[in-house]
Amino acid sequence: MNIDYNNNGILIQHLKNGQEKAYEYLVETYHHRLCVYANSLVNDKDQAEDIVQNVFIRTWERRYNLKPTFTIKSFLYKSVHNEFIDQYRKQKSVTALEKKYIEELERFSEKDEVFFERLLSIVQEEIQNLPPKCRKIFLMSKQEGFSNIEIAEHLNLSQKTIEYHITKAFAILRQKASRDLEPVLFLLFGFNKNRKMASPTA
């Protein structure tokens, strides 16, 4: 019998029932994208892998606490975010701006899944509104996980140009960000968004 794990409610119910096939589907579907997201936060692929692995293990161990109303995608992203925050606090002293964003994200964690998904949707919409080249480079970097060197080689551009477009994308997104959206930008793409833009060169 084929089970439609694309159905959020069915997936959660089978996880709660301890079905390993449901867990395998969860890992196969979300492992790569969560690693890319975690790496955008920590800029360390090994640490990103550890964060995601911890999240999957804890999700399985605490599967009985999953609720049918959960959106599993948002739940996993928030779990990665929480794991990142925990590790970040242990490893680094937190600046005032970072502390503000962390507190805002913790405020989001207390809200429902629909609210969080709506904010993610708005951010994705603003990304799609970026200038074409800027959007392409930004997504290759932050969504597909390519390094600046890899993007430069793939697009036959200089690393300086790649850095320019990524910084420009951040500047546009931050300019359009509301009080709620700024912490979401931090959640998705990490710190270090205040670098000045240099002029691009091919």
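Tyr-5 is buried in this predicted model, with a relative accessible area of 12%. The cut-off for buried is under 20% relative accessible area, so Tyr-5 falls within that class.

**Aromatic pairs**

The structure holds 3 aromatic pairs. One of them joins Tyr-5 and Tyr-25, with 5.5 Å centre to centre and 40° between the planes, a tilted arrangement. Tyr-5 lies in the segment before α1 (8-16) and Tyr-25 in helix α2 (residues 20-42), so this pair ties together parts that are 20 residues apart in sequence.

Tyr-23 and Trp-60 also form a tilted aromatic pair.

| Pair | Centre to centre | Angle between planes |
|---|---|---|
| Tyr-5 and Tyr-25 | 5.5 Å | 40° |
| Tyr-23 and Trp-60 | 5.0 Å | 50° |

**Surroundings of Trp-60**

Tyr-23 is partly exposed, at a relative accessible area of 21%. Trp-60 is partly exposed as well, with a relative accessible area of 21%. Arg-63 lies over the face of Trp-60, and its distance from the ring centre is 3.9 Å.

**Glu-163**

Helix α9 (residues 159-176) contains Glu-163. This residue is partly exposed, with a relative accessibility of 29%. Between Glu-163 and Phe-138 the C-alpha to C-alpha distance is 9.4 Å, while the two residues are 25 residues apart in sequence.

Technical notes: Residues numbered from 1 in each chain as written. Predicted model: local features only at pLDDT ≥ 70, side-chain atom pairs only at ≥ 80, totals over all residues. Heavy atoms only, no water. Phe/Tyr/Trp six-rings, centres within 6.5 Å; stacked < 30°, edge-to-face > 60°. Helix = DSSP H or I, 4+ residues; strand = E, 2+ residues; numbered from the N terminus. Buried < 20%, exposed > 50% of the residue type's maximum accessible area, 1.4 Å probe, protein only. Lys NZ or Arg CZ within 6 Å of the ring centre and 35° of its normal.
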